[in-house]
Amino acid sequence: MKETPNKKQSFIQGAAMLAATVAVVKIVGAIYKIPLYNILGDEGTAHFTIAYSIFSVLLTLSTAGLPVALSRMVAAANAKGRHMQVKRIFRVALAAFFVLGA
């Protein structure tokens with residue numbers, strides 16, 4: 001498969017944009033974390049770190065695999081004309097995401 005110069009150039013531009021965005025996110029993270037750790041002290045920092053590690057696991061679960069799996073299940077049921085199954089999938093997913101969000 002032969003790539004055109006436009007595709008290659010847009011890929012490089014996208015990768016550069018992504019790298020620049022990651023750098024900005026790291027800088028913004030340092031800007032708020034350094035003063036926060038100074039304000040909280042050692043004990044507050046320990047509590048924050050524990051809570052943040054739990055939060056990051058739940059965030060990863062809720063944004064990585066579950067929405068993709070849900071959309072595939074709904075699309076498959078909808079393609080087969082099973083509208084009641086689509087509604088059931090939606091209700092169960094809504095409850096699961098509510099629990100994860102809470």
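In which helix is the place of Ala79? Ala79 lies in helix H2. The model is predicted: local features need pLDDT of at least 70, side-chain atom pairs count only at pLDDT 80 or more, and totals for chains, interfaces and linings use all residues. Residues are numbered from 1 along each chain as its sequence is written, and side-chain values use heavy atoms, with hydrogens and water left out.

**View 1. Helix H2 and Ala79.** Helices are DSSP runs of H or I with at least four residues, numbered from the N terminus. The 14 residues of H2 should span 20 Å at 1.5 Å a residue, and the end C-alpha atoms of H2 are 20 Å apart, which agrees. The expected span is 1.5 Å times one less than the number of residues. Ala79 is exposed, at 69% relative accessibility. Exposed means over 50% relative accessible area, buried under 20%, and partly exposed in between (1.4 Å probe, protein chains only). Just after H2, Gly81 has a positive phi of about 80 degrees. Between the C-alpha atoms of Ala79 and Ile50 there are 44 Å in space, and 29 residues in sequence.

**View 2. The nonpolar patch and Ile50.** Ile50, Ile54, Val57, Leu58, Leu61 and Leu66 form this surface patch, with about 530 Å² of accessible area together. Areas come from the Shrake-Rupley method with a 1.4 Å probe; for residues, only the protein chains shown count as cover. Patch residues have over 30% relative accessible area and no salt bridge; nonpolar side chains (Val, Leu, Ile, Met, Phe, Trp, Tyr) are joined within 5 Å, like charges within 9 Å. A salt bridge is a side-chain nitrogen of Lys or Arg within 4 Å of a carboxyl oxygen of Asp or Glu. Helix H1 (residues 5-63) gives the patch its largest share, five residues. Ile50 belongs to H1 and is exposed, with a relative accessible area of 53%.

View 3. Thr45 is part of H1 and is buried, at 17% relative accessible area. Leaving aside residues up to four places away in sequence, Thr45 touches Tyr37 and Leu40; contact means heavy atoms within 4.5 Å. Ile39 is also found in H1, but counts as exposed at 70% relative accessibility. From Ile39 to Ser56, 17 residues along the chain, the C-alpha atoms are 22 Å apart.

**View 4. The two sides of helix H3.** H3 (residues 83-101) has 19 residues and reaches 26 Å from its first C-alpha to its last, close to the 27 Å expected at 1.5 Å a residue. Its buried residues are Val86, Ile89 and Ala93. Seen down the axis of H3, these buried residues fall within an arc of 65 degrees, so they line one face of the helix. The arc is that of the directions from the helix axis to the C-beta atoms. An α-helix has 3.6 residues a turn, so residues three or four places apart point the same way. Helix H2 (66-79) is included in what covers the buried residues of H3. The face turned away from the buried side carries exposed residues, including Met84, Lys87, Arg88 and Phe98.
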